[in-house]
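This briefing concerns aromatic ring contacts. A pair of aromatic rings is described by the distance of the centres and the angle of the planes.

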Amino acid sequence: MQARRLFLLLVFILLAVSSEAGKNKKDKVKKNGSDCEEWRWGPCIPNSKDCGVGFREGTCQEETKKLKCKIPCNWKKEFGADCKYKFENWGGCDPATGLKARSGTLKKALYNAECQETIQVTKPCSPKTKSKSKARKGKGKD
């Protein structure tokens, strides 16, 4: 019985010591962090070419920080990777230009990016019209 009490006491002591050690680590992280709240972030600059992994630099008062960032290689250069838009469905094909268009309204501007409220994008019309496949007869019936 006494051995059990001693064992439980040791377990509680170990738990108390480990929780105090965890608190000290959290305090250190807070001390190294910044008190600044008005960060201004620049664009993501890829390490090579015009897409992929890179860095974004931020400034606040006299402090500067660098964050890792990534520009997808299929991003739309006209409006930037930090501007997120909600797009309508594609319009019909304009036979004069061979393009179809759609517009988008700004949903979110990341890292204080300067974005247009609405944008218009185009893409070439597909060469042939897509038809919906019809269900095969006899399939799915018992």
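**Aromatic rings and their surroundings**

Tyr 111 is partly exposed, with a relative accessible area of 35%; partly exposed denotes the range between buried (under 20%) and exposed (over 50%), computed with a 1.4 Å probe on protein chains only. The model is predicted, so local features need pLDDT of at least 70 and side-chain atom pairs pLDDT 80 or more, whereas totals for chains, interfaces and linings use all residues. Residues are numbered from 1 along each chain as its sequence is written, and side-chain values use heavy atoms, without hydrogens and water.

**Ring pairs**

- Rings of Phe, Tyr and Trp (its six-membered ring) pair if their centres lie within 6.5 Å; planes under 30 degrees apart are stacked, over 60 edge-to-face, and the rest tilted.
- Three aromatic pairs are counted by this rule.
- Trp 41 and Tyr 111 make an edge-to-face pair, with 5.9 Å centre to centre and 75° between the planes.
- That pair links distant parts of the chain, 70 residues apart: Trp 41 is in strand β1 (residues 40–41) and Tyr 111 in the loop between β6 (99–109) and β7 (118–124). Strands are DSSP runs of E, at least two residues, numbered from the N terminus.
- Trp 41 is buried, at 18% relative accessible area.
- Tyr 85 and Phe 87 form a tilted pair, because their planes stand at 50° and their ring centres are 6.2 Å apart.
- Tyr 85 is buried at 9% relative accessibility, while Phe 87 is partly exposed at 27%.

**Cluster and charge**

- Trp 39, Trp 41 and Tyr 111 are linked into a cluster by ring pairs.
- Arg 56 lies over the face of Tyr 111, 3.9 Å from the ring centre; a charge sits over a ring if NZ of Lys or CZ of Arg is within 6 Å of the ring centre and within 35 degrees of the ring normal.

Technical notes
Helices (H or I, at least four residues) and strands (E, at least two) are DSSP runs, numbered from the N terminus.
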